[in-house]
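Hi,

Here is the structure I promised to pass on. Please open it alongside this email, and then read on for what turned up in it.

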Amino acid sequence: MVRDTMRGGERTAHDSGPAALGGERVAYDGDPARFIELDGVEKVFDVRRKAGLLRREKHQVRAVDGISFTVPRGQMVGYIGPNGAGKSTTIKMLTGILVPSGGRLRVAGIDPSRERTRLARRIGVVFGQRTTLWWDLPLRDSYCLVHRMYKIPDARYRENLERCVELLDLGDLLDVPVRQLSLGQRMRGDIAAALLHDPEVLYLDEPTIGLDVVSKAKVRDFLRDVNADLGMTVLLTTHDLTDIEQLCERVMVIDHGRLVYDGGLSGLHAVGESERTLVVDLERELPPIDDVPGARTVRVEGPRQWLAFAATASAAPLVAAVAERYPLVDLSVREPDIEAVIAKMYAERSAER
Amino acid sequence: MVDGIRAYGLIVAMWIRSTMAYRASFLMTTAGNFLGSGLDFVAILLMFSHIESLGGFTLAEVALLYGATSTSLGLADLFLGSMDRIGQRVRDGTFDVLMVRPAPVFAQVAADRFALRRLGRISQGAVVLVLGLAGADVVWTPLNVLLIPVMLVSGAVIFGSVFVVGAAFQFWATEAAEVQNSFTYGGNTLLQYPPTVFAKDLVRGVTFVVPLAFVNWLPALRLLGREDPLHLPGWVGLCGPLVAAAMAALAGLAWRTGIRSYRSTGS
């Protein structure tokens, strides 16, 4: 299968180090657990605001306010937060576009803002809102230019392009100028462009924004494969929590420039005190169930009732208790809505302020 | 540096290929460029159908001035002409894209939308220049022969530097493209006429402040063996390359400062 040969290819590329890839790439020999490392990173913007006819007031905005985390090699991390929380600013510092105002930042051992072009060979970036392709050129020409600009060995380039074209369904689009592509097609084209040079880290800024359901699923499947098969480290910012649920083992939540949560999805539920829902179908209409410990009935509709219980608790004793006392016909358990969890988290934090 | 030139070459080659895919359209736009830029010389011709000399300069001498500045601007425009799009790139956020590619941003910006049709302006300027050189009373010494290509290249570098400074300025004021255009295209129009027709202060300004006078006025006056209106010593006419180098250094500094202060747009 294509994937297996790819895995082999990627390994040799890393193992044989500099010789394999254009000579400019030195394999990262640091701690794989600290592949991406941020230590107290800050970004402060001076903002001038009009205050009267000629007078301008200067004040500072702390877009990123002391963020520390590490990402081990091969992990897929979701980076979420409300608008203006500092997500994009963080990504821009990680790619070297912005220079941090303070703190220490390393990606594969490289300081992004000081060695931006060297780092560029080792990272892939997809901006959901704007294309990294050349707007007026057909996809094929853009890829060709990427090939030369990143000095990708011919065999690797052909192999990678073939895989992307196949998995992202780009075959019919290669000769179409980028500006004529639909958003979903363009996004797939962009993702392919970001992967042709075998990046070690992939940054995705809103990769599914504005896509329809089918395109979203396609993009997600592809990203999951890339992460699993190539061991690529992926950092993903998104507003679509389904992206996170389906792709990321780890979530970081940022708000007002600070990291407010870092851990697994399940932990997010615990922190957010979220609740799961047990939906039971009884034999007939009955008054709301109120004698089952650890649960409260939130809704009744004919013979169907909704019972909320703590997301961290097990559903089994609850089901047993209901079955013992009521004529149970059918049941299902609904996972909590992360969106609600996070909204709650944001709300609590704003209330603290 | 090597990386930059390589990337510039790659991008330029790609744009030329994509232009050549529509050969007829390329020929037409180039011809249009040739004729369009020739129109202001037609204006000069019309003027000379009523007068014998302009500020003491004959038609051939004015043609020399015109041809020299047009060719220099044409060269700068060909190599760096897309720099003024940078403000738009900063505004719409596509500048970020350039920064995550493994090539110097300057090379990418300079090569962006490389337009071979700009050869139209260069060839039109060159034709007028040759006609001017043939018709005017040029003092043909070996040094003066050498001065002609030196003048054109230095002039191109001076105009190019103004393009770059203007581009760098757009990191702070993203709408500043017009300011820069007034110095390059506006300066070009100014330089098409003899310095003697302008007020002394203006001539001083383009000699010492924005040294556009070194593009063609001062070297051409030397070619023609004329005094310049500011009565500068004759060797000043040879200083074009030095002025060009200084301008380029200044432009480099401005560019660096601009990139450093780039703050990107939201999201």
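Helices (H or I, at least four residues) and strands (E, at least two) are DSSP runs, numbered from the N terminus. On that basis chain A holds 11 helices and 13 strands.

Some housekeeping before the details. This is a predicted model, in which local features need pLDDT of at least 70 and side-chain atom pairs count only at pLDDT 80 or more, while totals for chains, interfaces and linings use all residues. Residues are numbered from 1 along each chain as its sequence is written, and chains are lettered from A and ligands numbered from 1 in the order in which they are written.

**Chain A as a whole**

A residue is called buried if 20 or more other C-beta atoms lie within 10 Å of its own, exposed if 12 or fewer, and partly exposed in between, with C-beta atoms placed from the backbone. Of the 353 residues of chain A, 40% are buried.

Two strands pair if DSSP finds at least two bridges between them. In chain A, four strands make an open, antiparallel sheet in the order β11-β12-β10-β13. Its edge strands, each pairing on one side only, are β11 (296–301) and β13 (328–334) of chain A. Inside the sheet, β10 (residues 275–282) and β12 (residues 304–310) of chain A pair over seven bridges. One of the residues involved is Asp281(A), whose bridge partner in β12(A) is Arg304(A).

Asp46(A) sits in strand β1 (residues 36–50) of chain A. Is Asp46(A) buried or exposed? Asp46(A) is exposed, because 9 other C-beta atoms lie within 10 Å. Two residues are in contact if their C-beta atoms, placed from the backbone, lie within 7 Å. Leaving aside residues up to four places away in sequence, Asp46(A) touches Lys58(A) and Gln60(A). Its C-alpha atom is 55 Å from that of Gln305(A), 259 residues apart along the chain.

Most residues other than glycine have a negative phi. Ala108(A), however, has a positive phi near 50 degrees, and lies in the loop between β4 (102–107) and α3 of chain A. Ala108(A) is buried, because 23 other C-beta atoms lie within 10 Å. His256(A) also has a positive phi, of about 50 degrees, without being a glycine; its loop runs between β8 (250–255) and β9 (258–263) of chain A. His256(A) is partly exposed, because 18 other C-beta atoms lie within 10 Å.

**Where the chains meet**

Chain A brings 22 residues to the contact and chain B brings 18 residues. On the side of chain A that touches chain B, the elements giving two or more residues are α2 (87–95), α3 (116–120), β5 (123–127) and α4 (139–149) of chain A. Of these, α4(A) gives the most, with four residues.

**A helix in chain B**

Helix α7 (residues 119–135) of chain B has 17 residues. Several of its residues are buried, among them Gly120(B), Ile122(B), Val128(B) and Leu129(B). The buried residues of α7(B) pack against α2 (23–48) and α3 (59–80) of chain B.

Enjoy exploring!

Methods:
Expected span 1.5 Å × (residues − 1).
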